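Please look over the sequence and the model shown here, and then follow the description from the overall fold to one of its helices.

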Amino acid sequence: MVAADVGNVNDVKFPPVLEDFEGWKEKKKILVILAHPDDPEFFMGATLARWGALGHEVRYCILTTGQKGSQDLKQKPEDLAEIRKREQQNAADTLLIKSVEFLDYVDGEVVPDMKMCKQLVRIIRKYSPQIVVSSDPLNYFPATNRVNHPDHRAAGQAVLDAVFPAAGNPMFFPDLISEEKLMPINVAELWFSIPAEANLVVDVSRYFDQKIKAILCHKSQLNMDDAKFEEMLKTRWAIINEQKQSVFLERFRRIVFG
Ligand SMILES: [Zn+2]
């Protein structure tokens with residue numbers, strides 16, 4: 001089924017569930033490429049929980065180690081990087097993610113240049129996913145009271161440029177073919193989380209508890225106890241539908257290549 005244009009989340013009265021939209025008859029290979037440890041879970045943890053539970057082969061590639069994720073000057077960035085890698089692995093395990101790898105860029109310094117493009121083309125060709133997922137490069141202002149992290153935009157731009165045209169074109173990085181035997185591939189779908197303008201908004205309430213469980217693995221990023229944090233997220237993210245029930249949504253810009 002083709003994703004419907006549903007516009008702003010506030011206009012959604014009857015959000016559809018994800019299974020109405022995927023239209024996938026067989027198991028898929030899905031590669032999630034995002035900037036920081038904890039981005040997958042915060043941005044789309046419920047969708048990932050669903051895909052993991054269904055047996056899709058979901059892998060993470062995290063560009064940085066999140067070593068600036070602290071306000072404490074006494075915190076050594078290299079120690080925090082190790083902590084955050086472990087937390088990311090734990091969170092991925094709860095969602096049945098097949099593998100997690102880090103490209104070890106510095107947090108806050110993601111630049112979508114040709115070096116990164118080649119690394120992403122290498123990993124895309126290596127795993128040959130049908131679906132690649134990242135964050136929307138166009139989202140500068142995710143809410144009226146905050147701005148997006150530049151790494152989230154840069155990661156999305158890098159992924160977009162790696163998917164098209166580089167991954168599918170043998171003229172890009174020919175040494176990947178001659179020396180590493182990584183042949184060009186064309187992905188079928190691109191999904192961008194935290195979109196500036198969603199074209200797919202789905203009710204992921206069934207998987208929301210798993211999303212919370214995965215988020216709670218990122219202990220270094222939580223500034224309150226688990227129960228309070230869970231309550232805060234539920235209050236922040238719940239949408240009341242027409243039946244006066246709380247539902248939880250995840251939003252995407254989905255591109256299905258024709
Ligand atoms: Zn982030």
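Predicted model: local features only at pLDDT ≥ 70, side-chain atom pairs only at ≥ 80, totals over all residues.

Residues are numbered from 1 along each chain as its sequence is written.

The secondary structure of the protein comes to 7 helices and 9 strands, where helices (H or I, at least four residues) and strands (E, at least two) are DSSP runs numbered from the N terminus. The radius of gyration, taken over C-alpha atoms, is 18 Å, close to the 18 Å that the globule rule (2.2 Å times the number of residues to the power 0.38) gives for 258 residues, so the protein is as compact as a globular protein of that length. Buried residues, those with 20 or more other C-beta atoms (placed from the backbone) within 10 Å of their own, make up 41% of the 258 residues.

Seven strands form an open sheet with mixed pairing, in the order 3-2-1-4-5-9-6, two strands being paired if DSSP finds at least two bridges between them. Strand 3 (99–105) and strand 6 (200–203) stand at the edges with a single partner strand each, so one side of each is left without a neighbour in the sheet. Within the sheet, strand 4 and strand 5 (residues 189–193) run parallel and are joined by 5 bridges, one of which pairs Ile-131 with Glu-189 in strand 5. Helix 4 packs on the sheet, touching strand 1, strand 2, strand 4 and strand 5, where a contact means that the C-beta atoms of two residues, placed from the backbone, lie within 7 Å.

After the helix comes Ser-128, whose phi is positive, near 40 degrees.

Leu-120 and Ile-124 are also among the residues with the most contacts inside the largest nonpolar core, which has 60 residues; such a core is a set of buried Ala, Val, Leu, Ile, Met, Phe, Trp, Tyr and Cys residues joined through C-beta atoms within 7 Å. Ile-33 is another of these residues, and, leaving aside neighbours within four places in sequence, Ile-33 is in contact with residues including Leu-120, Val-132 and Ala-155.

Notes: Buried ≥ 20, exposed ≤ 12 C-beta atoms within 10 Å, placed from the backbone. Axes fitted to C-alpha atoms, helices over the stretch in contact; angles between N-to-C directions.
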